[in-house]
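Good morning, and thank you for coming. Please look at the sequence and the structure as I put them on the screen.

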Amino acid sequence: MGMARSEGNWLVDIHDGVDHLEDNWSALAGPDNATPFQSYGFMRLVFRALLANHVGEPVVALVRSQDGRPVALFPMMRLRRHGLRWLYTDARPIDYCAPILAPSLTADDLPGVVKAVLAAVPDVDLLYCNRLPDRFGQRPNPFVRLPNAARLRLSAWILDLAGRSTDDVVAARHTNFRANLRRRTQKLAQAHQRKFSLAMGAEIDESDIAAFRELRAASTEEKGRTDILAQDDWSDLYLGLLKGEGGTCQGWLAKLEADGEPIAYLFGICDARHVVATLPASKLGAWKLYSPGLQLFADTIEHFRATGYDCFDLSIGDMDYKRRFGCEEVALYDALFAKTLTGRIYYLLWRLKIALRARMKTIAETNAETGKAERPIKKSP
């Protein structure tokens with residue numbers, strides 16, 4: 001453990017990793033204030049990767065009340081950007097980059113908590129928190145109610161599974177999408193021997209890990225995207241999850257086969273009763289006709305529904321298929337907090353950018369509505 005500092009009503013312990021914090025982490029993190037990305041097991045692998053690849057300097061702030069009770073955890077990294085010294089909660093593999101706040105904390109408490117964290121870490125100008133979800137389950141996230149937070153254009157998409165039957169989940173899908181998916185599933189089953197399977201953590205076969213990585217590389221290259229599994233900075237993190245090294249946060253790998261040949265994989269993580277799907281990979285070419293990736297999503301959703309999970313999280317990204325599966329949109333925010341004068345200047349410029357972005361969005365929406373109103377109605381002959 002590094003330094004400890006008291007600021008206002010809060011005591012802050014600063015650590016350079018998470019190894020000594022498992023008990024505090026377990027006491028704080030739950031389904032109403034964290035996702036699997038904030039679990040101890042996942043963050044332990046993230047910080048291991050940060051140290052191994054020098055992506056950033058790990059900094060973890062444990063905030064306690066005056067009676068010593070843990071009330072918040074801020075997993076962060078320190079780095080320099082734009083000539084300024086930053087604390088970031090953001091790292092690429094973390095889809096939701098939210099500090100863990102005890103349910104007892106309110107939005108009124110948070111300015112003091114953030115001030116205490118910034119005061120405890122020397123030589124920084126700014127704290128940046130990115131991709132903060134609007135809520136955890138049904139509990140609002142108080143962080144996004146602060147004036148320092150701004151709505152991102154990007155959203156997340158979550159499908160509620162608790163208490164729902166198979167018919168309920170299928171009925172929530174868009175009508176045309178539901179019919180097309182059913183038809184393509186039937187066609188694949190008629191033309192080939194179709195098989196779905198899913199393995200968790202250490203039960204995942206090494207041959208499937210290799211086949212998944214190969215298919216992921218081929219499909220991302222064909223789509224012109226970057227394959228994070230091929231990046232040295234983060235590949236070990238995913239391999240660690242696939243090999244069961246995430247503690248209570250388990251990696252899982254779903255597979256769809258046709259005549260014994262894998263035609264789609266889907267990787268994700270889960271902790272408690274929350275499932276997140278993150279990395280799909282499917283064969284294209286002649287197989288595209290069957291939409292194997294969407295079929296695998298449907299089978300995986302049903303698997304986790306039947307085994308008693310509360311929600312299936314399709315994570316960040318506004319792809320159309322997430323809406324068509326009947327997912328509910330979860331707004332995402334970022335938040336910026338200044339410590340020094342130079343940090344304050346940057347913060348004011350950031351707020352100006354946010355205001356301009358909101359203004360341009362309003363103008364675009366107004367123009368779109370005006371265009372619809374002025375467009376002449378074509379009469380049928």
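This is a predicted model: local features need pLDDT of at least 70, side-chain atom pairs count only at pLDDT 80 or more; totals for chains, interfaces and linings use all residues.

How much of the chain do buried residues make up? They make up 50% of its 381 residues, where buried means under 20% relative accessible area, calculated with a 1.4 Å probe and protein chains only.

Residues are numbered from 1 along each chain as its sequence is written, and side-chain values use heavy atoms, leaving out hydrogens and water.

Let us turn to the overall form. For 381 residues, a compact globule would have a radius of gyration near 21 Å, so the 23 Å of the chain agrees with that; the radius is taken over C-alpha atoms, and the rule is 2.2 Å times the number of residues to the power 0.38. The C-alpha trace spans about 65 × 60 × 40 Å along its principal axes.

Next, the secondary structure. The chain has 10 helices and 16 strands, which are DSSP runs numbered from the N terminus: H or I of at least four residues for helices, E of at least two for strands.

Strand 10, residues 149–160, pairs with two partners; pairing requires that DSSP finds at least two bridges. Seven bridges join strand 10 to strand 16, residues 328–338, and the two run antiparallel. Here A150 stands opposite D334. Five bridges link strand 10 to strand 15, residues 311–316, also antiparallel, with I158 opposite D313.
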